[in-house]
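Reader: I would like to learn how to read the features of a model such as this one, step by step. Could you begin with the charged pairs and then move on to the interface and the interior?

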2 protein chains.
Amino acid sequence: MSAPKPHDRLGQILADEMGAVNELIQARMASENAPRIPEVTAHLVNAGGKRLRPMLTLASAALCNNESPYHIHLAATVEFIHTATLLHDDVVDESAQRRGRPTANLLWDNQSSVLVGDYLFSRSFQLMVETGNMRVLDILANASATIAEGEVLQLTVAQDLATTEDTYIKVVRGKTAALFSAACKVGGVIAGADEKIVSALESYGDALGISFQIADDLLDYSGHAATMGKNVGDDFRERKMSLPLIKALAQSDASELDFWKRTIAKGDQRDGDLEQALEIIAKYGVIDATRADATFWAEKSKSALEVLPQSEIRDTLIALPDYVVSRAV
Amino acid sequence: MSAPKPHDRLGQILADEMGAVNELIQARMASENAPRIPEVTAHLVNAGGKRLRPMLTLASAALCNNESPYHIHLAATVEFIHTATLLHDDVVDESAQRRGRPTANLLWDNQSSVLVGDYLFSRSFQLMVETGNMRVLDILANASATIAEGEVLQLTVAQDLATTEDTYIKVVRGKTAALFSAACKVGGVIAGADEKIVSALESYGDALGISFQIADDLLDYSGHAATMGKNVGDDFRERKMSLPLIKALAQSDASELDFWKRTIAKGDQRDGDLEQALEIIAKYGVIDATRADATFWAEKSKSALEVLPQSEIRDTLIALPDYVVSRAV
């Protein structure tokens, strides 16, 4: 029997607490006054995301010998923030599919996605206020602002062929890593961990989030995406300045640059363009170079946890970044 | 010389503090990383809304002999929440005009309105966390959830001719009164006022918000709206179940019901339909009946403040609901 995936192993170790988180999520996503709300949220919540972020909060709290009952609230909080951003992202991206199912904006309308997203944000806010812990409120307020800033930055650099890798990392730190990082950090804070440990958890989440996003970008050009409930070539069709594209652009010759200008900057895409994009990407070894970046951040993530004493949870968290990178190849 | 409008008088009395609120708003609406953010927010903030909500917070704090410096933060917080909801409302309503100027979704795009709205929500959240006062966080978290719930409820009853006055009040309590009420309440709480006073401020804001919204609905059918930077007949064209429409429907005969079914439920509107809608509304005295409701809530609002000792601010707050109703006729 092969070893379980790190994510599944965390799910086994934290099964009881994840059960409590799921119950809290179900209870708080309801609304007596507006029945549309549970319809939309049930669609998303039951779609069976991996619940990775709340698991990071529970695992971080467990690593710090947590005795507060509020790690459950915080785990539900980060999942609500994540779900709210998914609802708004789908409106912004005009997506039709998420986790292999039609998106809420397609099943209902953009209006419902915007407003139910707002509702989930405010519900997350209520949950964290209930912890009565000012420091976790501060961390999550700052993470929320960083997420929104990253999303706006992504929007303004969209289709901009001059986007640099530095700008890409800034976007990713906002849209993905800020919540991973906050999810880990609040787990340590609620458990009353030392600053050194809190800071290690924060760094772990930040680097894990970046490697996670780079791996996600890679999947979109690497042809295995169909199995992940994602459409291969989505990023190309949505003209996203993802890392493989930025790396390919930096090496492209004049005629290839014309191709990117037409397909990405102008958005004039024709039959066979995705195949040509994949050819250019293969020609310059972009997949390997992008994977090397994902691996760099995965290593950074793993090494952050070295200050913590050995335990099964710590070792499973350390195995997670490698798994995240491996699923992308 | 006639007496100044209550709103202008509050602006005079609270001029120094409103100056500090405006400075804080300018500082916090900025973003180093995403220049689109200040572009969009400046468009809205400089459009010169009345800043009624932050003024209510400052006035309430002043009534309670506030000595905390954080009433400025809370006033900026409620204005940010308000501005964020305006950005999202314009996307949901597909509005083209707000305060007599093109809306942000028209000048930029819906994406920017959704994401910059999220940014302002998270900035409001940071501001309130800085107060370090758990009770104001609780009040504002609950208000945020009530606002979002009211907005979703409004969306789901849109174009539903069976909408009752009770449902209407539920929507209005969410989309308008919750923030008025929270704005007043947190002013009292930050000042450390007695529960009796805090509760009076909360009731004042709730009833003021309801009369404010009814007056706003009335304006849309009363023909003076052009001067308010609003398009006459907007609610009719957007098929909103506003109070005048609900009251007209309750009295309509069979052929009038057919008219409403066609224009509101089905959305098949033709030249001359707005004029016919106004005729039906005039025929049943709906304007007077709606104004009577606005007056009922205005009286309720005024009487809530009777427990407070006489002062110029109290008397100006008491004059405000009457002014709100009078501008609608």
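Author: This is a predicted model, and over all its chains the structure holds 36 salt bridges. One of them joins A:Arg9 to A:Glu312, with the closest N and O atoms 2.5 Å apart.

Reader: Are A:Glu79 and A:Arg51 buried or exposed?

Author: Both A:Glu79 and A:Arg51 are buried, and their side chains meet in a salt bridge of 3.4 Å, N to O. This pair also links distant parts of the chain, since A:Glu79 sits in helix H5 of chain A and A:Arg51 in the loop between H3 and helix H4 (52-63) of chain A, 28 residues apart.

Reader: What joins B:Glu202 and B:Lys185?

Author: The side chains of B:Glu202 and B:Lys185 meet in a salt bridge of 3.3 Å, N to O; B:Glu202 belongs to helix H10 (residues 195-222) of chain B and B:Lys185 to helix H9 (residues 165-190) of chain B, 17 residues apart. B:Glu202 is partly exposed, with a relative accessible area of 30%, whereas B:Lys185, with 15%, is buried. In chain A, salt bridges that share partners join A:Glu165, A:Lys247 and A:Asp293 into one network.

Reader: How should I read the interface, and what is the area buried between chain A and chain B?

Author: The size of an interface is often given as the accessible area lost when the parts come together. Between chain A and chain B that area is about 3700 Å², of which carbon and sulfur atoms give 75%. A:Leu115, A:Phe125 and A:Glu149 supply 17% of the area that chain A buries against chain B, more than any other three residues. The contact involves 43 residues of chain A and 43 residues of chain B.

Reader: How many salt bridges and polar contacts are there between chain A and chain B?

Author: The count of salt bridges between the two chains is zero, while eight residue pairs are in polar contact across the interface. On the side of chain A that touches chain B, helices H3 (36-45), H5 (71-93), H7 (110-130) and H8 (134-157) of chain A each supply at least two residues, and H8(A) gives the largest share, 15 residues. That side divides into 21 nonpolar, 12 polar and 10 charged residues.

Reader: Which residues does A:His88 touch?

Author: A:His88, in helix H5 of chain A, counts as buried because its relative accessibility is 0%. Leaving aside residues up to four places away in sequence, A:His88 touches residues of both chains, among them A:Phe121, B:His88, B:Val114 and B:Asp118.

Note on methods:
Residues are numbered from 1 along each chain as its sequence is written. Chains are lettered from A and ligands numbered from 1 in the order in which they are written. This is a predicted model: local features need pLDDT of at least 70, side-chain atom pairs count only at pLDDT 80 or more; totals for chains, interfaces and linings use all residues. Side-chain values use heavy atoms; hydrogens and water are left out. Contact means heavy atoms within 4.5 Å. Buried area is the accessible area (1.4 Å probe) that two parts lose on being put together, summed over both. A salt bridge is a side-chain nitrogen of Lys or Arg within 4 Å of a carboxyl oxygen of Asp or Glu. A polar contact is a pair of N or O atoms within 3.5 Å; within protein, one must be able to donate a hydrogen and the other to accept it, and residues adjacent in sequence count only if both atoms are side-chain atoms. Helices (H or I, at least four residues) and strands (E, at least two) are DSSP runs, numbered from the N terminus. Ala, Val, Leu, Ile, Met, Phe, Trp, Tyr, Cys and Pro count as nonpolar, Asp, Glu, Lys and Arg as charged, and the others, Gly among them, as polar. Buried means under 20% relative accessible area, exposed over 50%, partly exposed in between (1.4 Å probe, protein chains only).
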